[in-house]
Amino acid sequence: MSLGAHIDINWLVDRLVKLREFSSIILEARERKYLERSDAKRLVELLREFAYDYGDETSRGHLLKLLEAIEKAIVKRDSFLYRIAKKRFDRDDVVPIPEVVAEELPMVKLLELLNSLRRRLPFRGRAIGRVLEAFGGVDEELIDALNTVGIRDLIGSMGILFENFLRDISTYSMLLQKLIEQHGLELIDLNKVNIAKGDTLSILLEPVARSFLAITRGGTWEYAQPRLIFRGGRSYEFDAVALDHVNGRLYAAEIELTLSHDVVRKKVSNLKELYESYVEGARSIGLTNLCIENYLFTGFTKDRGNLNTIKNTLIDEVNKTLPTEAFCKNLDEAIEVLDLIQAIQDTNENKIPKERRQVYKRIVKAIGTIYKWWYESRAPKSRKSASQQTYRQP
């Protein structure tokens, strides 16, 4: 049976949009070490929705209790979270990330002790509760929620949960890639999927572009997958990464709706983390000469004459970030900027293996459809009808 029989592509796209939102909030919070109050509330909403996708009833119940406890602490303006924030950031209107809360163990230990006394001394429970409320800003409802969960469990679990949900982006994106290869974008219901959102189009383009590279370039690109790596307490996302283990060659692609100089500068800073992470992994299996064979930026542009200047910016940024020996060949050969529409026009379909031509046609059609949506989303309303007439399927 096809994947389409088991997975609703519209649900999958919606979930990826929300996971991307989740990822954006987490990445920014880890940079600053705290969440804005509105972001903290949104994070709880997203995690509560995600909870129903995972685990058995017991583990799901545990997560929901954690979220309930966190939500109560966020809402109560004098809770222990804001006391920690005041101490660490001199602000009492932000929510520290779990790692920061964990560093404030004296307060956590005292809250645990008081909570334990409250349970063991039922006749004095009300008085202990008032002490908790006075010292830690922890109200009675939150105390009850923490009776079964525990503050330490709450702190220890959330960091792991965050990383697990971030990893789901890669898993879901690969599922979406398989669905599009089998069905194209025909299963997308525009009443359920908001293509006007840039995030939605990016989520659709990434798996489509990976398939295009796999079919037209073959070789190691056939194994390219999204990657998430954790280094130095931060997480880094990459759209397509593949490794030739035999020859020690690393391939990486960044897939962007709109190719621009600003995107290049932002993304290149992550390449060093990717390379060093793979070098460390390669050493552990005895591979000592790992280098970057191909670093590719691909997406759409309205001005293809800009591609060379974007490539020059890319080379300049890479020169600032990585040593020359990180690449298998000179940067002009190793680095590419590829407009997908131009790439389709330059591809000879007759050279595509026969067994893959049907998939290739679906992918080309999908790229054309996303390009049309992207073009229309950037055009003023008065020009949108004209874009329908001027666009020509590659």
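Modeller: Before we start, a residue counts as buried when its relative accessible area is under 20%, as exposed when that area is over 50%, and as partly exposed in between. Please also keep in mind that this is a predicted model.

Colleague: Is R231 buried or exposed?

Modeller: The relative accessible area of R231 is 18%, and the cut-off for a buried residue is under 20%. By that cut-off, R231 is buried.

Colleague: Which residue forms a salt bridge with R231?

Modeller: The closest N and O atoms of this pair are 2.8 Å apart, and a salt bridge requires such atoms to lie within 4 Å. The partner lies in helix α11 (residues 261-284) while R231 belongs to strand β3 (residues 225-231), so the pair ties together parts that are 42 residues apart in sequence. With a relative accessibility of 17%, the partner also counts as buried; it is E273.

Colleague: How far apart are the closest N and O atoms of D14 and K18?

Modeller: D14 and K18 are four residues apart in helix α1 (residues 9-32), which means that about one helical turn separates them. D14 is partly exposed, at a relative accessible area of 30%, whereas K18 is buried, at 17%. The closest N and O atoms in their salt bridge are apart by 3.3 Å.

Colleague: K311 forms a salt bridge with D332; which helix holds D332?

Modeller: The closest N and O atoms of K311 and D332 are 3.3 Å apart. This pair joins distant parts of the chain, 21 residues apart, with K311 in helix α12 (residues 307-321) and D332 in helix α13 (residues 331-334). K311 counts as buried at 17% relative accessibility, but D332 counts as exposed at 51%. The helix that holds D332 is α13.

Colleague: What are the edge strands of the open sheet of five strands?

Modeller: The order of the strands is β3-β4-β5-β6-β7, and their pairing is mixed. An edge strand pairs on one side only, and this applies to β3 and β7.

Colleague: In what sense do strands β6 and β7 pair?

Modeller: Strands of a sheet pair through backbone hydrogen bonds, either parallel or antiparallel. Strand β6 (residues 291-300) meets β7 over five bridges, and V337 in β7 is the bridge partner of F297. The sense of the pairing between β6 and β7 is parallel.

Colleague: At what angle does α11 run to β6?

Modeller: Helix α11 lies across β3, β4 (234-244), β5 (249-258) and β6. Helix α12 packs on the sheet too, touching β6 and β7. The direction of α11 makes an angle with β6 of about 150 degrees.

Definitions and conventions. Residues numbered from 1 in each chain as written. Predicted model: local features only at pLDDT ≥ 70, side-chain atom pairs only at ≥ 80, totals over all residues. Heavy atoms only, no water. Salt bridge = Lys/Arg side-chain N within 4 Å of Asp/Glu carboxyl O. Helix = DSSP H or I, 4+ residues; strand = E, 2+ residues; numbered from the N terminus. Buried < 20%, exposed > 50% of the residue type's maximum accessible area, 1.4 Å probe, protein only. Pairing = 2+ DSSP bridges. Contact = heavy atoms within 4.5 Å. Axes fitted to C-alpha atoms, helices over the stretch in contact; angles between N-to-C directions.
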